[in-house]
Amino acid sequence: MSDLRILVVGAGATGGYFGGRLLQAGRDVTFLVRPRRAALLRERGLRIAGLGEDTVLEPPLVETGALRETYDLVLLAVKATGLASAIDDFAPAVGPGTLILPFLNGLAHLDKLDARFGKAAVLGGVAKVQTTIDDDGAIRRLGPLQSLAFGARVDPAPERLAAVEAALDGAGFPATADKAITEAMWAKWVFIAAIGAVNSLMRATIGDVVAVPGGVAFAEAVVAEAAAVAEAAGYPVPAADLEATRRTVTDPGTGGSSLYRDLLGGHPVEGEQIFGDLTARARELGIAVPLLDLVTLQLSVHQHRIG
Ligand SMILES: NC(=O)C1=CN([C@@H]2O[C@H](COP(=O)(O)OP(=O)(O)OC[C@H]3O[C@@H](n4cnc5c(N)ncnc54)[C@H](OP(=O)(O)O)[C@@H]3O)[C@@H](O)[C@H]2O)C=CC1
Ligand SMILES: CC(C)(CO)C(=O)C(=O)O
């Protein structure tokens with residue numbers, strides 16, 4: 001059994017889900033939460049619902065501003081839009097041996113975390129899960145997907161990496177140490193950018209897009225743009241992953257990503273993190289990405305409109 005002390009920053013769709021599973025598996029987990037979420041969790045517990053499950057947990061909580069000790073592992077599960085303030089909030093939890101494992105999509109968060117905590121402390125991470133926060137604050141599963149991959153981005157890997165693996169393993173979801181975690185993050189980035197661009201540009205689920213003539217070709221063109229950036233950046237998406245992305249983004253059964261749910265809900269979206277950063281890299285690399293440019297602009301307009 002792992003003796004790692006884990007701080008989960010953010011008890012939302014991803015942090016609440018994976019942190020909740022770790023708690024259920026008896027791991028030493030505390031959630032760092034802001035006052036409103038803290039009050040709700042104290043009143044109703046951390047509820048994980050959907051796919052035939054309705055679990056209520058009583059999670060140990062610490063409110064932002066009240067952190068007085070360091071932890072061994074920080075699981076960072078906030079949106080990119082809240083990253084800067086979250087970094088300030090969880091900084092007191094980071095000691096000399098602490099490792100930080102971010103769940104955020106894209107790669108832009110890594111530079112910010114490296115600048116504050118040093119590259120050796122910041123692991124790469126890929127979270128796959130289909131969850132959202134309900135109106136009543138519960139974590140709702142929308143599909144069966146659930147996995148975490150993590151790995152060191154420096155050589156030699158931090159000593160505590162094996163302990164991280166032990167801490168995450170056997171908690172009801174696959175948790176895999178990946179020696180090529182940056183490649184895995186790029187592959188996920190291409191996937192999330194492709195599905196998000198198709199959803200957002202068409203304001204439709206993948207199913208609705210591919211149901212009309214030209215829909216599949218459009219979705220494939222989006223995938224090709226994102227994959228071309230990854231390749232030019234030196235992180236070509238492995239053929240099997242690219243094929244899986246193409247399949248999902250042209251599958252009539254595919255709905256939408258968390259970014260699309262945020263867009264439809266009128267919430268802030270991670271447009272800069274997922275598209276702005278990708279198109280900026282494309283420009284530097286001399287790759288034309290007109291569809292990704294369009295979705296970047298569209299999401300900037302959304303962001304401007306909601307303020
Ligand atoms: N949802 C999904 O299916 C997936 C999402 N992702 C990625 O994971 C990342 C997290 O997304 P997701 O979990 O969906 O986001 P959510 O918005 O559901 O959860 C984020 C949580 O972070 C909390 N939070 C924000 N700032 C702070 C802070 N300073 N201190 C403590 N808590 C804070 C928010 O709480 P509050 O505002 O209430 O205080 C909220 O509950 C994103 O980059 C997303 O793209 C990756 C895979 C799947
Ligand atoms: C890949 C997917 C769709 C689920 O992990 C996701 O990351 C998201 O919805 O943000």
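These legends go with close-up views of a predicted model.

**View 1. Two domains make up the assigned parts of the protein.** The domain assignment gives domain 1 as residues 5–179. Domain 2 covers residues 184–306 in that assignment. The C-alpha centres of domain 1 and domain 2 lie 25 Å apart.

**View 2. Domain 1 touches domain 2.** On one side, 15 residues of domain 1 take part. They are in contact with 13 residues of domain 2. Which elements give two or more residues to the side of domain 1 that touches domain 2? They are helix H4 (108–117) and strand S8. The largest share of this side comes from S8, with three residues. By class, the side of domain 1 that touches domain 2 has seven nonpolar, six polar and two charged residues.

**View 3. Eight named residues surround ligand 2: Asn 105, Lys 128, Val 129, Gln 130, Leu 145, Ile 192, Ser 257 and Ser 258.** Sorted by class, the shell has three nonpolar residues, four polar residues and one charged residue.

**View 4. Strand S8 gives the most to the shell around ligand 2.** This strand spans residues 124–133. Its contribution to the shell is three residues. S8 also gives three residues to the side of domain 1 that touches domain 2.

**View 5. Ligand 2 lies between the two domains.** Why is ligand 2 placed between domain 1 and domain 2? Both domains give residues to the shell around ligand 2, so the ligand lies between them.

Key. Residues are numbered from 1 along each chain as its sequence is written. Chains are lettered from A and ligands numbered from 1 in the order in which they are written. This is a predicted model: local features need pLDDT of at least 70, side-chain atom pairs count only at pLDDT 80 or more; totals for chains, interfaces and linings use all residues. A residue is near a molecule or strand if its C-beta atom, placed from the backbone, lies within 6 Å of it. Helices (H or I, at least four residues) and strands (E, at least two) are DSSP runs, numbered from the N terminus. Ala, Val, Leu, Ile, Met, Phe, Trp, Tyr, Cys and Pro count as nonpolar, Asp, Glu, Lys and Arg as charged, and the others, Gly among them, as polar. Domain bounds come from an automatic or database domain assignment. Two residues are in contact if their C-beta atoms, placed from the backbone, lie within 7 Å.
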